[in-house]
Amino acid sequence: ELDKGLGGFSGFLVSMLVAFLVSTRKIHTTMSGYQVLRSVLQFLATTDLTVNGISLCLSSDPSLPALADFHQAFPVVFLDSSGFLNLCADVTASTYHQVQHEARLSMALLDSRADDGFQLLLMTPKPMIRAFDHVLHIHPLSRLQAACHRLKLWPELQDLGGDYVSAALGSLTTLLEQGLGSRLHLLAHSRPPVSEWDLSQDPPKHRDSGTLTLGLLLRPEGLTSVLELGPEANQPEASDFRQFWGSRSELRRFQDGAIREAVVWEAGSMAQKRLIPHQVVTHLLALHANIPETCVHYVGGLLDTLIQSPKETSSTGEEALAAAVRCYDDLSRLLWGLEGLPLTVSAVQGAHPVLRYTEVFPPTPVRPAYSFYEQLRERASLLPRPDKPCPAYVEPMTVVCHLEGSGQWPQDAEAIRRVRAAFQLRLAELLTQQHGLQCRATATHTDVLKDGFVFRVRVAYQREPQILREMRSPEGMISLRDTPASLHLERETRHLPLLTSALHGLQQQHPAFSGVARLAKRWVRAQLLGAGFTDESLDLVVAALFLHPEPFTPPSSPQVGFLRFLFLVSTFDWKNNPLIVNLNNELTVEEQGEIRSGFLATRTQLPVMVIVTPQDRKNSVWTQDGPTPQILQQLVVLAAEALPVLEKQLMDPQGPGDIRTVFRPPLDLYDVLIRLSPRHIPRHRQAVDSPAASFCRGLLSEPGPTSLMPVLGYD
Amino acid sequence: MVARRRKRGSRDPEQGIPSPPGYSVIPIKFSEKQQASHYLYVREHRVREGTKSSWPQKRTLFVLNVPPYCTEECLSRLFSPCGPVQSVQLQEKPDLTDSAEEPKSKFFHPTPVPGFQVAYVVFQKPGGVSAALVLKGPLLASTESHPVKSGIHKWISSYAASVPDPEALRAEVDTFMEAYDKRIAEEEAKAKEEEGVPDEEGWVKVTRRGRRPVLPRTEAASLRVLDRERRKRARKELLNFYAWQHRESKMEHLAQLRKKFEEDKQRIELMRAQRKFRPY
């Protein structure tokens with residue numbers, strides 16, 4: 001959308017640019033369209049017209065004004081063939097930087113020889129709300145007049161004929177860029193449309209030309225810094241720093257003994273740290289440009305309320321997830337060091353959404369109130385009581401434990417199950433004796449209660465899927481065929497832990513992955529389609545947004561990631577293309593081509609939604625019994641409807657209204673609605689519209705040690 | 001009209017309930033309060049000539065459409081007015097053999113979520129079967145004296161049942177493994193003593209323990225052997241010697257070209273259909 005509005009980089013400028021390149025012999029007449037495009041993009045990406053302007057004028061008449069004069073008056077200089085007119089007079093520096101940024105991204109895309117580069121490059125719309133992490137609207141534009149006066153921009157006002165919007169833009173953008181510093185990758189602004197009016201009427205006033213929207217593209221590294229460091233107190237730059245930051249800059253003493261000016265922002269949790277640019281922008285605008293906070297509408301954290309836990313509103317759950325993962329690390333260390341098992345533990349891998357940071361409602365440490373439950377004394381467990389409301393839902397986190405290899409395992413499937421049960425029992429005994437943890441063992445898993453979190457440990461034997469696959473033909477020949485039991489086992493013990501660790505790694509690289517995945521899953525489940533999709537398939541779709549973000553950059557905030565998720569789901573051609581998620585960059589371009597041709601050949605045997613990862617290239621195991629065509633179609637239609645609604649809400653300068661509209665499912669499609677009594681719904685508080693009152697579910701609020709196993713998985 | 005009635009003879013004329021031909025219908029309700037009832041379809045258990053069935057012929061009642069809240073004790077209680085009941089067996093699908101394996105371990109084979117099932121009721125006397133066939137009246141699965149748990153109570157009791165008992169589990173595992181180990185040891189001993197001993201026709205079984213190396217009997221191994229044979233044969237045969245071989249290879253080549261052309265045409269059709277950029 002770069003070419004719209006006043007001061008946009010329009011098609012005329014691009015044609016002039018091509019003419020310039022032809023005149024400097026960079027483009028020959030024999031070049032094809034693609035080569036012309038490529039050289040234009042390369043030129044835009046590499047040269048900087050704010051420093052070295054270019055000119056179409058060939059004569060070197062000394063009466064012509066020099067380029068340096070033009071640079072003093074205008075930010076971007078591109079002269080026409082007369083030498084007197086700057087074609088880019090209305091183009092601001094930030095618009096030009098945006099053009100350069102897009103050109104660089106496009107060059108990278110063309111170089112990477114991606115398969116649908118044309119589609120991505122030239123046919124994907126990039127509206128501001130979807131391209132930029134945080135967006136802010138400045139609404140009553142009449143405030144900008146006061147801002148111009150405050151910033152002493154009278155020469156610019158005169159130049160532009162009283163258009164205070166354009167006059168203020170330049171200095172506002174430089175102000176904000178200086179303030180945001182290293183947090184910011186790119187700042188861009190919207191341009192008011194060029195309006196037409198009748199001859200007999202007056203031209204429309206500047207304040208009626210819509211709102212001014214600024215988009216911020218943030219660097220993920222700068223998200224966590226709470227501090228802005230300034231120069232040392234005795235240097236002359238310190239006074240500039242103080243004057244820039246006003247009352248917020250303080251003298252602080254640091255660890256290395258230096259006394260520096262610094263600005264500290266209060267931010268407790270990760271969600272608040274993401275909103276530090278909001279604080280920066282409002283402070284600077286109020287201080288320097290006299291624009292009060294009520295005129296600035298910041299759209300960056302509006303969707304955060306949907307991934308907050310029902311009780312605490314200051315964080316969006318990242319800290320809770322991190323606490324759960326720390327507890328899991330402790331448990332795995334205990335398991336590694338466990339003595340007394342006949343075979344030692346060789347690997348402990350997580351296999352639950354919590355351990356890959358994508359669980360929508362992260363678990364909190366539980367401490368059950370004993371009066372609420374019945375107790376089963378001899379098994380040290382709690383049971384729900386029929387007269388009380390349903391107890392709180394505690395979900396155990398699955399952990400797969402591999403033992404060292406040994407030839408002593410039996411070769412019969414039933415015998416392997418019994419041996420595994422014996423291992424589970426022994427594990428429970430050892431954990432209780434050596435570390436005092438409350439355990440409960442069954443034939444297939446052992447539940448371990450540690451620090452208020454419950455883990456479900458499964459012992460796995462690597463050769464078991466192979467043994468399940470063996471079938472004896474009547475002649476006595478052994479053949480290997482995939483049975484449902486062997487596929488299920490392989491998925492649980494081999495593929496799921498690998499996927500979990502790959503996504504864990506992805507989360508470390510892109511911290512916003514967790515927020516986007518949780519929002520996306522919340523939306524799918526709120527639309528009552530959660531039963532059709534496995535958790536893992538949704539996580540992989542979100543991972544595709546981060547691994548193949550072309551033509552965007554990877555998202556740094558949950559909001560923009562969610563919008564891109566809706567766009568991907570609604571526009572991806574599931575019937576004719578597999579979604580290739582290149583975890584850890586393991587697939588080369590040739591392999592991807594092979595996968596695509598293999599996909600076309602076997603399309604009828606594959607499920608409706610095909611997701612390919614480096615670990616499973618042919619079968620799409622996560623969507624095997626996954627969405628039926630009707631459910632997938634319903635999801636696509638819902639996403640296509642939800643996206644424009646949500647974007648309109650977010651771009652509305654008056655405030656977004658009810659952001660939860662998109663999360664409420666349409667109920668008039670269904671013939672029968674069964675209403676459940678809230679007394680027996682353990683997850684009642686997790687509804688999209690949180691209820692005013694709910695029932696006490698038998699948990700005490702302060703954490704502490706418990707000695708009985710709580711009610712697990714009871715819903 | 002009478003003829004039409006007879007053709008649709010599967011209708012039970014009294015209540016107008018459809019049932020499969022040859023079955024009689026007995027309504028069954030969960031308790032007094034319900035208005036609608038499920039229907040059990042009963043028939044005397046009959047098999048074709050020659051097929052074996054382990055259910056005693058004259059005394060067995062075959063019941064279809066048993067609802068999930070009806071357990072074996074419940075069924076035996078309901079059919080006891082017809083005659084003394086010897087045994088009841090509930091199964092997923094009608095199965096002729098009474099698969100009396102060792103009772104499935106409740107730890108290792110948890111009962112699946114029940115749907116509608118099929119029952120074989122064995123009476124002690126054949127009179128019970130005929131009395132059951134004319135049984136009328138809605139049967140009540142859950143009365144005051146024998147209530148069937150449902151709802152919250154059922155879920156709580158199934159959760160309580162799922163909490164495992166480690167001692168029982170350990171005992172079962174130990175007994176199984178002892179039996180298994182004994183069986184494996186016996187098989188080993190038997191195999192060892194039959195080593196190299198010819199059977200009644202003079203054949204000696206080739207096993208892994210013999211002096212000559214032997215291939216494992218898997219499909220992969222046999223495929224490997226066949227593949228090797230094929231390659232050896234292909235090396236030896238002459239491919240371009242006879243005139244008919246020339247002719248055939250040319251025709252095959254042409255057919256392949258034609259097939260590839262068709263495939264490419266289809267692929268291009270698909271690509272054209274998928275094209276999203278249509279500027280005109």
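How many residue pairs are in polar contact between chain B and chain A? The count is two, both at pLDDT 80 or more. A polar contact is a pair of N or O atoms within 3.5 Å; within protein, one must be able to donate a hydrogen and the other to accept it, and residues adjacent in sequence count only if both atoms are side-chain atoms.

This is a predicted model, in which local features need pLDDT of at least 70, side-chain atom pairs count only at pLDDT 80 or more, and totals for chains, interfaces and linings use all residues. Residues are numbered from 1 along each chain as its sequence is written, chains are lettered from A, and side-chain values use heavy atoms, without hydrogens and water.

Now the interface. Chain B brings 29 residues into contact with 42 residues of chain A (heavy atoms within 4.5 Å). Together they bury about 3,100 Å², 66% of it on carbon and sulfur atoms. Buried area is the accessible area (1.4 Å probe) lost when two parts are put together, summed over both.

Two salt bridges cross this interface (a side-chain nitrogen of Lys or Arg within 4 Å of a carboxyl oxygen of Asp or Glu). In one salt bridge, A:E429 meets B:R170 at 2.9 Å, N to O.

On chain B, the elements giving two or more residues to the side that touches chain A are α4 (151-162), α5 (166-193), α6 (219-236) and α7 (243-274). Helices here are DSSP runs (H or I, at least four residues), numbered from the N terminus. α5(B) gives the most, with eight residues.
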